[in-house]
Structure formats: C-alpha cells, structure tokens
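Please look through the structure below before reading on.

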Amino acid sequence: MRKTFILAIAFMAVASLSSAQERSLRFEKTVDYQLGKLIELNTTVGPVRITKVEFSQPEGASVKESIVGRIRGGSGGSSETQGTFRASFDTENPEEDEWVVTYTLDLLDSKGKLIDRIVQSEGLEGEAKVVNIDHSTLKYVLPFVDKVKIRLEAKYD
C-alpha cells in the first residue's frame with residue numbers, strides 16, 4: 001500500500017512537471033539575413049503561433065529615440081552613424097489568457113561570431129499582430145550581418 005502511495009505521488013509530480021514544461025516552450029532556428037523577404041518559421045511556442053519573420057532597416061530614428069535624445073539634450077543620435085535593425089514577426093495567440101513571448105535575436109557574421117544581441121518580450125492575449133523588434137545600432141555593423149539566430153520562449157502570465 002505504501003509503495004502504491006509513493007508511486008502515485010511520483011506520477012503526479014511527473015505529470016505536473018510535464019504540464020509546466022508545456023507552458024514554457026522554446027524554439028530556436030538560425031536563418032539567413034535577407035532584407036524585405038518573408039522567412040517561414042511556422043512554429044508554436046505555448047499556444048502562440050509565429051509563422052513568419054521579415055527583416056528590414058527602416059530609415060530615421062523612432063519617436064521614442066527622438067524624445068529621449070531631446071530630454072538628454074541631444075538630437076536623438078546621429079543618422080549618419082546610427083541605423084535601425086527591425087525584425088517583424090507574424091504572431092497569433094488564439095487563447096484569451098495572456099502569454100508572454102521573449103524574442104532573442106543574435107546577429108551573426110559570416111563566421112558565426114556574435115555581432116549584437118537583441119532581447120524583447122511581448123504579451124499577447126487572444127490576438128494576432130505583427131510584433132516589431134526594433135534595435136538601434138551602428139550603421140557600419142549592419143552590412144556584416146550574415147545570419148540571425150532566433151530564439152523564442154513563451155510563458156503563461
């Protein structure tokens with residue numbers, strides 16, 4: 001009887017661990033850095049579906065960068081030296097509960113060495129939207145980006 005009880009407790013612990021793992025799923029893929037082209041990801045982390053990503057380099061500073069620059073007494077960064085890297089993810093959470101997805105992007109050169117890392121989280125509740133990950137960096141490094149390692153992690157909030 002005691003062995004059965006211990007076995008039942010062990011089974012419940014494994015079942016709850018499996019349930020917790022389902023609520024914190026990860027995805028990782030390295031893709032070629034191509035501007036203006038939709039790249040298929042077709043993945044699901046938790047209940048959140050992320051179908052595609054598109055990379056771009058929008059011109060000009062964002063409104064946030066301009067405001068912060070003015071508050072600090074500057075012009076918000078020099079457009080001659082600063083560039084913007086943008087990754088736009090087609091994302092959908094069909095559930096009403098909020099799930100937070102953390103997007104981690106490693107910008108890699110042709111030898112696989114890390115140039116820059118970007119980390120941003122976005123909460124989604126029963127919605128579909130394009131999640132834009134914008135990152136300001138030095139313009140001269142952008143031509144050296146060859147691959148982007150994408151890591152996605154969803155957690156129930």
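V101 has E122, a residue of strand β5, as its bridge partner. This is a predicted model, in which local features need pLDDT of at least 70 and side-chain atom pairs count only at pLDDT 80 or more, while totals for chains, interfaces and linings use all residues. Residues are numbered from 1 along each chain as its sequence is written, and side-chain values use heavy atoms, with hydrogens and water left out.

The pair belongs to a longer arrangement. Strand β4 covers residues 82-108 and strand β5 residues 114-138; the two run antiparallel and are joined by 23 bridges. Strands count as paired if DSSP finds at least two bridges between them. With five residues between them, β4 and β5 form a hairpin, and G112 in its turn has a positive phi of about 85°.

Along the sequence the pattern is α-β-β-β-α-β-β-β, that is, two helices and six strands. These are DSSP runs numbered from the N terminus: helices are H or I of at least four residues, strands E of at least two.

Which strand holds E125? E125 lies in β5. E125 counts as partly exposed because its relative accessibility is 46%; buried means under 20% relative accessible area, exposed over 50%, and partly exposed in between (1.4 Å probe, protein chains only). Buried residues account for 31% of the protein's 157 residues.
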